[in-house]
Amino acid sequence: MVMNRQGRPTSVETVPTDQRPDTTSGHRGLVHEEALIFEIGDNAHTGVDLEDIGTFETSLGGLERKEPINLPGLSEPQTVRHYTRLSQKNYGIDSGFFPLGSCTMKHNPRLNEKVARLPGLADIHPLQPESTVQGALQLMEDLAHWLMTLTGMPAVSLSPKAGAHGELCGIMAIRAALEARGDARKVILVPDSAHGTNPATAAFCGYAVKSIPATKAGHVNVAAVKAALGPDVAGIMLTNPNTCGLFERDIIEIADAVHEAGGLFYCDGANFNAIVGRVLPGDLGIDAMHLNLHKTFSTPHGGGGPGSGPVVFSEALAPYAPLPYVVRTKDGLHLREHPEKDDASFGRLVAFHGQMGMYVRALAYMLSHGSDGLRQVADDAVLNANYILSELKDFMTPAFEGRCMHEALFDDRFLKGTGVTTLDFAKAMIDEGFHPMTMYFPLVVQGAMLIEPTETESKATLDQFIASMRALAAAAKDGDTHRFLGAPFYAPWKRLDETKAARQPVLKWSPPAAQEAAE
Amino acid sequence: MRYLPHNDADRQAMLSAIGARSIDELFQVIPEAVRLKDLLDLPLHKSELEVDRIFRDYARQNIPAAEHAFFVGCGAYRHHIPATVDYIIQRGEFLTAYTPYQPEIAQGTLQYLFEFQTQAANLLGCDVANASMYDGSTACGEAILMARRITRGRNKAIVSGGLHAHYRAVSKTMMKYSDKDLVCFDPSPDDPEGDLARLLDAIDDATSCVVIQTPDMFGHLHDLRPIAEAVHAKGALLVAVVTEIVSLGAVMSPGEMGADIVVAEGQGLGNGLNFGGPYLGLFGTRQKYVRQMPGRLAGETTDADGKRGFVLTLSTREQHIRREKATSNICTNSGLCALAFTVHMTLLGEAGLRKLATLNHKRAVTLKNALETLPGVEVLNSRFFNEISVRLNQPAAPLLEKLAQRKILAGVPASRLYPDDADMKNILILAATETVHDQDIDKLISALSEEL
């Protein structure tokens with residue numbers, strides 16, 4: 001067919017851009033407004049076809065659900081459109097640069113997604129007979145081997161479901177080990193710069209938390225650690241590289257001091273991406289460390305989980321690791337799910353065996369990179385962060401002197417007197433098309449901006465980012481506050497009122513009638 | 001390496017900008033003595049084709065559920081997942097996003113979490129539900145801790161014998177280093193009513209909550225109404241646990257029956273078996289307890305133009321603000337699993353969910369009726385949803401191995417969960433979801449009649 005183009009204008013008339021008409025639909029071209037499913041669906045519609053049931057004698061014993069549940073249904077095309085439109089209101093790594101410090105937002109390879117969906121790995125039940133899941137157990141054993149080799153640690157527990165869950169696993173093992181030797185210590189040392197989950201975890205395990213200040217150079221104060229150590233201190237929780245993006249060069253001295261005082265050493269491995277293949281945590285005196293498979297090993301963050309946080313252990317803590325774990329017997333691989341006689345394990349941390357779906361993806365990532373590629377990961381991650389630091393240090397204010405590891409930390413001194421805050425600056429970055437860095441963390445730095453580029457960003461992307469950041473810093477200093485205080489201008493929403501959300505929490509949709517009655 | 005964009009020229013240009021001679025120089029901060037010189041003893045990088053092949057080999061050594069007559073449940077359930085679900089969760093804007101810390105560019109995630117919370121709350125029969133937890137078992141432990149916070153001064157939790165053995169073990173672990181007591185009743189698969197009566201007798205002034213699963217680990221459904229009344233009369237809270245979320249399409253919700261906190265495993269909707277994880281913890285409670293609830297919450301608000309939008313809210317409960325005073329150390333939810341759940345739930349709608357649940361129940365009734373015709377098999381349930389328990393005339397575990405050879409995965413032997421309990425040896429727990437065909441049931445029955 002030949003298109004008849006006769007009469008169709010092909011040149012573009014210049015139209016004044018500030019005259020934008022309102023639309024009847026509320027949509028704006030490709031940007032669609034999307035109502036809640038409760039406003040577009042109803043309880044009678046469905047998007048699935050199920051076989052007809054007929055009548056039969058039920059055995060629910062008078063517990064039948066009779067009242068309406070209020071779960072709207074949509075047909076398949078409506079469902080696809082609803083979620084497609086929602087997805088278009090999200091920023092992901094696939095969309096653009098996502099330098100969210102401490103979160104290691106690296107590319108998520110699609111091969112990992114593909115192999116995780118093989119029926120032999122996805123469609124198997126955790127309680128099938130072991131003889132029917134030998135491949136799954138082998139995969140868990142191989143993943144364990146990689147994690148132990150990459151960390152130089154002799155044992156690993158795969159079960160924890162996230163980083164914070166890994167912390168819990170590690171601190172419980174520490175407490176179990178101390179109690180096994182009849183040592184009821186009460187205090188865990190946690191640096192000021194730590195992730196908030198560290199003190200929360202210590203408290204969860206019944207420990208009092210003692211804060212350790214940072215030095216002016218952004219490191220843990222070794223003298224303060226030594227002064228705080230004593231017969232009541234169960235151990236220390238330290239992040240390395242730390243949340244300021246710096247390697248704790250005194251870590252061995254700290255580990256020795258903690259051990260001498262009878263304590264144990266937990267390392268938060270959230271930032272392992274910076275050192276993989278460059279140093280073994282096992283050489284640093286660490287007793288337990290979690291690894292975020294969703295950070296270093298690229299399993300998708302998925303909008304906030306699921307994560308996976310295996311924990312590697314030293315010889316001292318290995319006997320106390322949680323159940324279950326894989327053991328090799330003459331009949332093949334076996335999953336030890338229950339404590340045996342004289343078992344020192346502190347118990348079970350999750351139903352079943354942990355995040356198998358994440359194990360598959362992480363192992364696919366490791367096999368793809370190999371020992372050479374993983375070392376290159378750390379190299380490029382550190383190179384990228386230092387490149388950003390060096391290109392921005394004259395325009396913004398680095399929190400500390402010298403080079404960084406995998407993330408560059410700035411404070412808000414360069415914004416002093418401009419009327420622009422770290423938050424405003426972050427919102428202006430959204431208009432530039434970037435996901436903002438981590439803001440106001442770590443707490444030890446005023447108005448912190450923590451930038452973690454990861455190794456999967458090209459030099460061209462970094463250069464574009466650097467140019468935007470320089471221009472924004474210059475605009476702030478030039479008094480162009482409008483672009484900051486009103487930002488974001490180009491996101492589908494303006495700034496959202498968090499105070500209002502917290503003051504009168506609306507956590508669930510209610511029908512309009514109920515809403516009116518409540519008011 | 002296909003995931004790393006730099007070539008050597010890029011690296012050199014960047015090093016020059018930094019003023020470093022080599023990348024090694026950037027790592028000099030690591031003490032010389034421990035700095036690795038050589039590559040670790042692991043294989044070198046592999047092509048996509050090679051990696052794909054390796055995983056097909058792993059997969060080949062497992063027997064996927066679809067290739068068997070499949071009756072395995074007991075906390076994880078195989079349901080048909082519409083193709084749309086997997087398509088949606090693989091959209092990069094969902095898959096590769098993070099926790100919505102910048103709400104202006106994360107409304108996709110925040111809106112589906114708000115919708116998810118509403119669906120979960122309605123399904124559980126609760127005023128509010130959070131944005132999800134790691135799984136049902138950890139949600140159960142968190143519920144017990146929350147009950148303790150609400151009933152200040154009361155330290156004891158009483159756990160029914162029908163609670164899934166793993167949930168019980170996980171809860172024990174979570175209480176291990178606190179001043180909380182966990183009193184666990186032994187499982188009594190033959191006498192579910194007696195189990196609950198003993199449990200009610202045990203409530204005292206120190207009891208903060210009673211934990212009951214329905215349908216329980218052996219498939220028994222429980223009427224929580226009289227229990228809730230008795231528990232409340234003693235000033236304690238009722239924590240209800242549901243491990244098969246589809247049951248709530250047919251059975252009265254725990255919230256309707258008076259439970260104060262309801263936790264559930266949401267895997268059964270939208271999420272595959274995945275050998276045990278990742279799964280999806282659901283957590284609901286009464287409005288008045290919302291500030292004691294763990295986990296993330298999405299809440300409605302407006303933007304600077306007055307347009308409706310959503311944000312993470314009530315974060316003053318959480319550890320990044322509260323540090324050691326937080327309600328929990330939990331940091332993540334199960335975002336993508338919650339998305340899978342909510343997409344599946346939207347496709348079903350109430351009409352579809354009710355039909356799906358009825359279909360499951362019908363399969364289980366068919367299975368029960370068929371099993372009752374066999375000598376050497378005693379069905380233990382009178383009131384159930386899609387799972388039942390039987391007492392066999394011989395140990396269940398070895399029999400299961402024999403049936404597996406005949407392409408039948410006939411269920412979970414109770415001895416796998418309670419290996420030291422002699423009474424469990426002959427008990428087999430079987431689930432029948434909509435994925436079970438009538439032919440599968442015929443196959444099971446004829447195999448059993450030969451083996452028993």
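Q: Which residue of chain A forms a salt bridge with B:Glu104, and how far apart are the closest N and O atoms?
A: A salt bridge is read from a side-chain nitrogen of Lys or Arg lying within 4 Å of a carboxyl oxygen of Asp or Glu. Keep in mind that this model is predicted. Here the partner of B:Glu104 is A:Lys427, with the closest N and O atoms 2.8 Å apart.

Q: How many salt bridges are there between chain B and chain A, and how many residue pairs are in polar contact?
A: The salt-bridge count is 15. For polar contacts, the rule finds 112 residue pairs across the interface, both residues at pLDDT 80 or more. On chain B, helix 12 (residues 335–371) gives the most to the side touching chain A, with 24 residues. By class, that side of chain B has 100 nonpolar, 52 polar and 43 charged residues.

Q: What area is buried between chain B and chain A?
A: Interface size is often quoted as the accessible area lost when the parts come together. In this case it's about 17600 Å², and carbon and sulfur atoms give 63% of that. In chain B, the residues losing the most area to chain A are B:Tyr177, B:Phe275 and B:Arg416, together 6% of what that side buries. The contact involves 207 residues from chain A and 195 from chain B.

Q: What is the strand order in the open sheet of chain A?
A: The four strands run 10-11-13-12, paired antiparallel. Strand 10 (397–398) and strand 12 (438–439) of chain A are the edges, each pairing on one side only. Two bridges join strand 12 to strand 13 (residues 449–451) of chain A, and A:Met439 stands opposite A:Met449.

Note on methods:
Residues numbered from 1 in each chain as written. Chains lettered and ligands numbered in written order. Predicted model: local features only at pLDDT ≥ 70, side-chain atom pairs only at ≥ 80, totals over all residues. Heavy atoms only, no water. Contact = heavy atoms within 4.5 Å. Buried area = accessible area lost by both parts, 1.4 Å probe. Polar contact = N/O pair within 3.5 Å; in protein donor to acceptor, adjacent residues only side chain to side chain. Nonpolar A, V, L, I, M, F, W, Y, C, P; charged D, E, K, R; others polar. Pairing = 2+ DSSP bridges.
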